[in-house]
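Trainee: I am new to this structure and would like a close look at a single part of it. Please go through that part slowly.

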Number of protein chains: 2
Amino acid sequence: MAKVLTSREENYSQWYNDLVVKADLAENSAVRGCMVIKPYGYSIWEKMQAQLDKMFKETGHSNAYFPLFIPKSFFSKEASHVDGFAKECAVVTHYRLRNAANGKGIEVDPDAKLEEELVVRPTSETIIWSTYKNWIQSYRDLPLLINQWANVVRWEMRTRLFLRTAEFLWQEGHTAHATREEAIEETEKMIKVYAEFAEDFLAMPVKIGVKSENERFAGALETYCIEALMQDGKALQSGTSHFLGQNFAKAFDVKFLNKEGKQEYVWATSWGVSTRLMGALIMAHSDNNGLVLPPKLAPIQVVIVPIHKSAEQLNQISDKANEIMKQLKQRGISVKYDNSENQKPGWKFAEYELKGVPIRLAIGPRDLENNTVEVARRDTLTKSVMSLDNIDQSLETLLAEIQENIYNKALKFRDENTYQIDDYQEFKKCLDDRGGFILAHWDGTKETEEKIKEETKATIRLIPIDAPYEEGKCIYSGKPSYKRVVFARSY
Amino acid sequence: MAKVLTSREENYSQWYNDLVVKADLAENSAVRGCMVIKPYGYSIWEKMQAQLDKMFKETGHSNAYFPLFIPKSFFSKEASHVDGFAKECAVVTHYRLRNAANGKGIEVDPDAKLEEELVVRPTSETIIWSTYKNWIQSYRDLPLLINQWANVVRWEMRTRLFLRTAEFLWQEGHTAHATREEAIEETEKMIKVYAEFAEDFLAMPVKIGVKSENERFAGALETYCIEALMQDGKALQSGTSHFLGQNFAKAFDVKFLNKEGKQEYVWATSWGVSTRLMGALIMAHSDNNGLVLPPKLAPIQVVIVPIHKSAEQLNQISDKANEIMKQLKQRGISVKYDNSENQKPGWKFAEYELKGVPIRLAIGPRDLENNTVEVARRDTLTKSVMSLDNIDQSLETLLAEIQENIYNKALKFRDENTYQIDDYQEFKKCLDDRGGFILAHWDGTKETEEKIKEETKATIRLIPIDAPYEEGKCIYSGKPSYKRVVFARSY
């Protein structure tokens, strides 16, 4: 029998974990808080990487690579940055092991203590801006548009596969500009790239906005973000883009000669998405049967399962399957033919549902006679019979339809779970009963935000950039407010 | 004026370093022994990665990702492995920083000491085999063919950009097999993939063989390698593939149920190439004018430089250049049009020579009249005039010719610098005067190998797998030998 998941209704958190592990996406490693990304999960991440990388390059960015380690002294140069990250840093203090004195195993060699400790990068602003100092002299050296694909480490105490791990994979863009305006434009451009990626590829609608001061990146003047709504009504921050002002340029003394011949500090942005997107992808669409993958990110888009009794039947089906595979591959559709003898068709059906393969074809002797195939859609769990004539064309169209349907379903869910609320009791009840995005008035103060968080566990996920002017009263303090912000409980 | 390199003849080592830095490939970072790979250097590495990744997938491998950190206790489980790596490990001992007691900067928080120290992976056999224990139960789970793209850290005392750095980027394949034969087959298959890649893409001829016991990977029963000859007569190990026997399976107790229903230890291989290949690429082909890139790895294959006096001329040339670019892009040729006004054509010529761009086109007003273009080849530094008719076809052919020529030149160099030597005095003289690969007889003992290394700094680079049977006497001890091995000084 195939692997069974805990149902969403029974225990959402356990459902998520079961799914990640049983669909072979990732698992916990022997190292506290660090995950192993398994081949199937990694192949989805590779597809995300390839598309994002393309989008970064199309917007003029180049990749580079900076050191994993950051000298401790660099780290403390930008005051709010170090405050934000110091409490969760892996620190390298020694560079050698030796045989233990008691003859058992090995131990850290006390003679190999580093003069200055090295922090394993939790993010690379400091090491990168210390490098940019040598790269930037004049306005001709700007803008500098660089991205890095890398691993980073943040020593989280409570971890969950993909969503919050001590080590994770990400990309971090770090750009340098001659003017404030240009840096803000870049910050906004990249959050829009993320939104486009989330919607077009993850099939996940997102809201774009800026963070309140409390939730801002440590060292940023403004943090833009995209937020998506998961099926349990909690929000998930899926990407951020920071306008860093001149904070890092000042910390690392990075100046340039402007066109007027004057020295000025450089303006900075940074932006990143991570393997957390895997968590978003999983939670946005999947069901009690397993993963539901949008076709654009599915490593296998179509799987073919033969239904046969005799070896002769299998041979005939295999001939047909090979024909179909050839046609599909020519259209760039990734297809797998599972003719393994170890498992029965029913087991395979369940397995590919678990793995989220968008389309499953089943071919039996009768299909050969009728020139048809049974087509099962993962997103709707419906089956239909299709003609084998132009099957490649039909499936290409169907894949596009599935991609769209998954998006629309998620959009509908989000719309149905977005509320305008003006009463604090109702606000609390909504959070407890249904979750969702709550559009509410806020008086703009840190104090109110913190009180609400304390009392309800909800935070301001974002302040929409295009929110309409609307007079109202803060849901908590009753003070005047002129636009609604988005509250939610979140991952 | 463009940047000038130290010449190879004057100081080879300085030439190499100048080239890496001035061609914008990489530079030293503020972190001892760690480099920054700059965008131009990284774009070459990306091309290498893309091709290797394709070859790994074509041979049935999938990518995955394992933790950066390895618990110290895992590390000591395979005795010879820990001996090989313990002396150069970065060790994480703490997971938090705090504000310093004196109010200045930050310090390691002594309360955040890890119970067990974590080693930053120098290679991942131990963490991966501890994971495989859960993935492998039966022969049906085998073979397991996995690759990882990752950063690793080995605390080297003397570092050189790309060739030997504390942190470097690489890929490491880790496969698991049911039989000894299959594992050996995999080991050999992957060294051949590396050789094919080196020859077809880096245009760098390599010798394939196995290492002597002294030079074997820590934990391997057999290490296969490819070795290339650099222009200063020193060898550079460019890739290794290890047959690990059952060593790691035993260390981590990884057994499988074979077809006969018996428990057996699993057989293992591992194989890797790294950013060191960048060093090999640079040293194998470049000259005193800069980099010479094989077209297949060149981020820019063709550069177009306009030669004009008036703005009107520039307009006309730009129209033509755009036409050519469009044609070249359709053939998948990467092309850059440098119409920047900051620099004169002569400066640009030198700059693109430094950067190793295989073909440079110069277009002036007379070319427009004659429907021609001046074509300069980076590999031969020769110029010719070509018709603009079918220029895309002509350049595609020329790129292939350049790729081949660069390989042939390197092959000729290697052949001219490979010697059969039977006399120890001559052996030493050859190493001092000319370097190169020396094919000599060796009695097969560790002692002789070490003596030769002590006296000449030459090591056995490899024992050719296909060396013909030849009776002879060890060049050092005079004892009988039946085949020649390859000696050289090396990087």
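In S16(A), which residue is the bridge partner of Gln171(A)?

Mentor: The partner of Gln171(A) in S16(A) is Val273(A). This is a predicted model, in which local features need pLDDT of at least 70, side-chain atom pairs count only at pLDDT 80 or more, and totals for chains, interfaces and linings use all residues. Residues are numbered from 1 along each chain as its sequence is written, and chains are lettered from A and ligands numbered from 1 in the order in which they are written.

Strand S10 (residues 167-177) and strand S16 (residues 267-274) of chain A run antiparallel and are joined by eight bridges. Strands (E, at least two residues) and helices (H or I, at least four) are DSSP runs, numbered from the N terminus. Two strands pair if DSSP finds at least two bridges between them.

Both strands belong to an open sheet of eleven strands in chain A, with mixed pairing and the order S3-S9-S10-S16-S13-S12-S11-S24-S27-S23-S22. Strand S3 (62-63) and strand S22 (418-420) of chain A each have a single partner strand, so one side of each lacks a neighbour in the sheet.

Helix H6 (residues 180-200) of chain A lies across S10, S11, S12, S13 and S16 of chain A. The helix runs at about 165 degrees to S13(A), where axes are lines fitted to C-alpha atoms, for helices over the stretch in contact, and angles run from 0 to 180 degrees between N-to-C directions. Contact means that the C-beta atoms of two residues, placed from the backbone, lie within 7 Å.

Pairing also links the chains: strand S5 (residues 91-94) of chain A and strand S5 (residues 91-94) of chain B are antiparallel over three bridges. There, Val92(A) stands opposite Val92(B).
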